[in-house]
Amino acid sequence: MKKQHCIQTAVAAVVAFAVVLSDHPVVARGGIDAPQPNFEARNADARGRTRRIAAASSEAGGASLDRTGEEDDSHFDCDVREATFDYGELVPGTSRDGGEDTFRLTSSETVLHCFLPSKESFEMDFGGDDEAEEMIWAALRKNDGKARFRVGGRAKMGKITGSGKKRVGDEALEVSGGTFEPLEDRSEGKTLRSNNNSKRKGLGLNARGTGDHRHLTVLGTRTAIVVRVGALDSTVPATAPEISDAVFGAHGDPVNLKARMASCSYGKFFVDRPPNDSETYPDLVDGVVEVFLPQNIAGIKSGHVVNLATPLLEEAVGDLGQYDFVMFILPEGALFDGGVAWASGGWKSAYQHNVGLYTWVQMHEIGHNIGLAHSGEGDNSYGDGTGYMGGAKIKLEPEVCYNPLKSSYLGWYADRESILDYSVVDTSFRGKLIGHADYEDSIQGEHSVILHAKGPDKDLYFTYNRKKGTNIGTQEYGDLVTVVEGENWVSGKKPGGYSVIRAALDEGESHIFHNFGNTGQPLVVNVEAMGQDGSVDYAMVGVTNLCATDDHCTDYDQCLVGTCSASGLCTVAGILMACCGNGVCEATAGERCSTCPSDCCNTPNLALNKEASQSSTDKYGTPDRAVDGNTDGDFPNGSVTHTMNEPQNWWMVDLGEDYLVNTVLIYNRLDCCQSRLQNFDVQLLDANMALVGSLYHENAVDVMSIVTFEDDMRDGRIGRFIQIKLRGDKVLSLAEVEVFGAKTSCGNGKCDPNESCGTCPADCCISENLALNKIASQSSTPERGPALGVANLAVDGNTDGDHNAGHVTYTRKECAWWQVDLGSSFNVAFIRISNRVDCCMDRLKVFWVKVLSDDGEVIFGFHHPGEAAEIVEIRLGEGGAKGRFVRIENSCDNFLSLAEVEVYGETL
């Protein structure tokens, strides 16, 4: 039976770029170690030359590198490029896979690097200023991945610690209160390269002349050298001839970087070593040069080691600008911080000792150099096993190429690429899709290696992943039609950017992309047949945005049932029931204000235009922006709040009076910095600013998050102020906060229809606190002084949760419990628990609240699944529970601390 493989879209961060810097410090990392006193003469000369290069950069307009820690009121001319770091592990082969080793790439990180005229490079750290970093990415995005800046302000050199990124180097060029002044791109030299540098051979707009700036064709011959770096305490296990063989096939290795690039491009793109020149560069043999660092490098980060080796390398091979790619293979001991390789600046890459011998890793890192981002599947950014830019688990020497999105960017099969704009209604394709393995034998106009389906926001790329020839080593979906999704040029992202597999189809299978690109029309894909034209294998594929059945139109827009007209256009026929967004609040489908605000929150937004405040204000991001009725999350559009970068930032709105608050909708900032809004509490306070309820939100808010004070025991909680409070020390930015609920008359002395003992104890709990001053007990009480932590402190009438005030119980670390004897049986209706607050609130978690009869039988049980807030309230529902004892049982291997337990109900 044939199986359809449909893959969910993964949301991926696409590498971007930058321009203006705020007044936050900017740190550029990497650099060269301080001079060692025991260096040999050659290294001392090299170090001296490095200092001379740095000084020369000052004369040329960049400040000298000051390693004394003093500030230098000058500037630095800085070429900014992206750097991508790949993390993974080598997995030894087993009998199951024939004993062949595999290589597992596990994660990646893309950061910005500053290249100085001295050829030193430094990772840039923006000290938590995400906006400045995003602006730098934006500038690079607009300029095909290259940008030059003059960094002004005070600068100093020194060891730093930062925000926890995996760092390439320790030393930093730190700019305090600086700005970025854009500089014109210099026209001479090739020291710093980018994908469309006019000095590079064969790069430029695609020859098809479409003029839409979609493709940057990568053609011609590139020169690469490999640097085998040695040191006093470690070396690269592979010899120079072995490295030359693995990269260039100099001694007969059939699978290598040079061979794979030539094979995949069908001779359009070569990466080759320079010819041997024993007179000018005697140390450069078969493309490999050996550089020795007369010092120990164990514990030095890879970026430092590369910078140490660079001046010695230039002595051996001359100006590095004459080479298109420089590959550093570093000795054991150089720190990659869990990584295995990285690529930076469009020309430089580094490898962890023998990892540099693996063809997949070479093709992956050089792929980064020529502008390619990762290829994913699902939520795995390396998950695409059909090409070199993926590789969640890959064989070390497979013969594959790049996926169709990357291939479209490279332009190697441009004369076999069909491009259709599916944002235009009534666009269809029916033709023979082939794999790149059959490119050379195919016929132009009859066969397509790539079908590029353009959409309004994202594009789809189709190919026949035929497993043979240049693609014999594909790691997944062999002999299936694969569909890859990626950003298009209209979205402003780079063309070789991140991609994700969306579908893989066999003969006779189909797939529907409903409402493709929000056009209102489907994109229907049919693999009609598979066959051969001589030696060329093909899949007959049809792709249309015209509907053929009503099923193609169902869900063409949220909650709408579509009907397919005779002309193939989807029209609205009605709404889907039990669908949030259809305008009908369907309680039978579990919809209510907290689960489906668009349909069920039929009261006005209680927070709209109400008085708001926050802990601090920065960048004109005033608190009223979050209650202006505008959910636009783009900060430059003027409707997003912004605090300073301080501990435990907060934002608050005063609803003006008490309400029964049910649901709070929180809209995040979207132009950048979404990760800031995580690890926070949403608190409801009464008119006296006392805490009524608190809900913890752990994960980052994507676009909008719903929190509710409703649960199985209540319709909400009564309060006046809503406060959002971060637990960490990040900037707090909110696009909008909406609050829904109902008016309340709690406190008027009568229990109104929308009130209960659970929501308004003052009016509706007909008894006094039944637990007050009753006999209490607990599993244990540590001996810490008279009456400290004893059980009756939780029924003394004092809710102060500060342990130091002497009104909080505590037990040993055990399966702890606490219990109160009400003295006789009551009809218990409502229980309120006040938690300890000076610390340790998380001790009360995953616990049970039980009501027991006279003989200890459980009459009622409530399980609290997570960590408790400052106050936990439990309404026992209609009729309550008849019992004498109230018992709290905490999770095992934990302490139990309580400030107060209140019990309300009726006498039997």
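Trainee: Which residue's side chain meets that of E902 in a salt bridge?

Mentor: The general idea is that side chains of opposite charge can pair when their charged atoms come close. In this predicted model, the side chains of E902 and R832 form such a salt bridge, with 3.4 Å from N to O. E902 belongs to strand β48 (residues 898–907) and R832 to strand β43 (residues 817–835), so the pair ties together parts that are 70 residues apart in sequence.

Trainee: Are E902 and R832 buried or exposed?

Mentor: E902 is buried, and R832 is buried as well.

Trainee: How many salt bridges does the structure hold, and which residues are joined into one network?

Mentor: The structure holds 23 salt bridges. Through shared partners, salt bridges link D438, R466, K468, D479 and D537 into one network.

Trainee: What do D533 and K432 tie together?

Mentor: Their side chains meet in a salt bridge of 2.9 Å, N to O. D533 is in strand β31 (residues 523–533) and K432 in strand β24 (residues 428–433), so this pair connects parts that are 101 residues apart in sequence. As for accessibility, D533 counts as partly exposed at 25%, while K432 counts as buried at 17%, because the limit for buried is under 20% relative accessible area.

Trainee: What is the N to O distance in the salt bridge of D415 and R416?

Mentor: The distance is 3.1 Å. D415 is partly exposed, at 33% relative accessibility, whereas R416 is buried, at 8%.

Trainee: I turn to the disulfides. How many are there, and where do C553 and C570 lie?

Mentor: A disulfide is a covalent bond between the sulfur atoms of two cysteines. The structure holds 8 disulfides. In the one formed by C553 and C570, the sulfur atoms are 2.2 Å apart. C553 lies in the loop between β32 (536–544) and β33 (560–564), and C570 in strand β34 (residues 570–575), so the link ties together parts that are 17 residues apart in sequence. C553 is buried, with a relative accessible area of 0%, and C570 counts as buried at 10%.

Trainee: Is the link of C553 and C570 left-handed or right-handed?

Mentor: The link is left-handed, with -75 degrees about the S-S bond. The link of C580 and C596, by contrast, is right-handed, with 100 degrees about its S-S bond.

Trainee: Where do C580 and C596 lie?

Mentor: These cysteines are joined with an S to S distance of 2.0 Å. Both C580 and C596 lie in the loop between β34 and α8 (597–600), so the pair ties together parts that are 16 residues apart in sequence. C580 counts as partly exposed at 30% relative accessibility, but C596 is buried at 1%.

Trainee: Which residues lie nearest the centre of the second largest pocket?

Mentor: They are S694, L695, A868, A869 and E870, among 33 lining residues. The pocket holds about 830 Å³ of space. Strand β45 gives the most to the lining, with 6 residues.

Trainee: Finally, which residues form a nonpolar patch on the surface?

Mentor: L670, V703, M704 and I706 form the patch, and together they have about 280 Å² of accessible area. M704 lies in strand β39 (residues 704–708) and is partly exposed, at 33%.

Terms used:
Residues are numbered from 1 along each chain as its sequence is written. This is a predicted model: local features need pLDDT of at least 70, side-chain atom pairs count only at pLDDT 80 or more; totals for chains, interfaces and linings use all residues. Side-chain values use heavy atoms; hydrogens and water are left out. A disulfide is a pair of cysteine sulfur atoms within 2.5 Å. Helices (H or I, at least four residues) and strands (E, at least two) are DSSP runs, numbered from the N terminus. Buried means under 20% relative accessible area, exposed over 50%, partly exposed in between (1.4 Å probe, protein chains only). Patches are made of residues with over 30% relative accessible area and no salt bridge: like charges are joined within 9 Å, nonpolar side chains (Val, Leu, Ile, Met, Phe, Trp, Tyr) within 5 Å. Accessible areas come from the Shrake-Rupley method with a 1.4 Å probe; for residues, only the protein chains shown count as cover. A salt bridge is a side-chain nitrogen of Lys or Arg within 4 Å of a carboxyl oxygen of Asp or Glu. On a 1 Å grid over the protein atoms alone, a cavity is a set of points where a 1.4 Å probe fits but cannot get out, and a pocket is an open set with protein on both sides within 12 Å along at least five of seven lines; lining residues have an atom within 4 Å of a point. Grid points are joined across faces, edges and corners, and a volume is the space filled by probe spheres set on the points.
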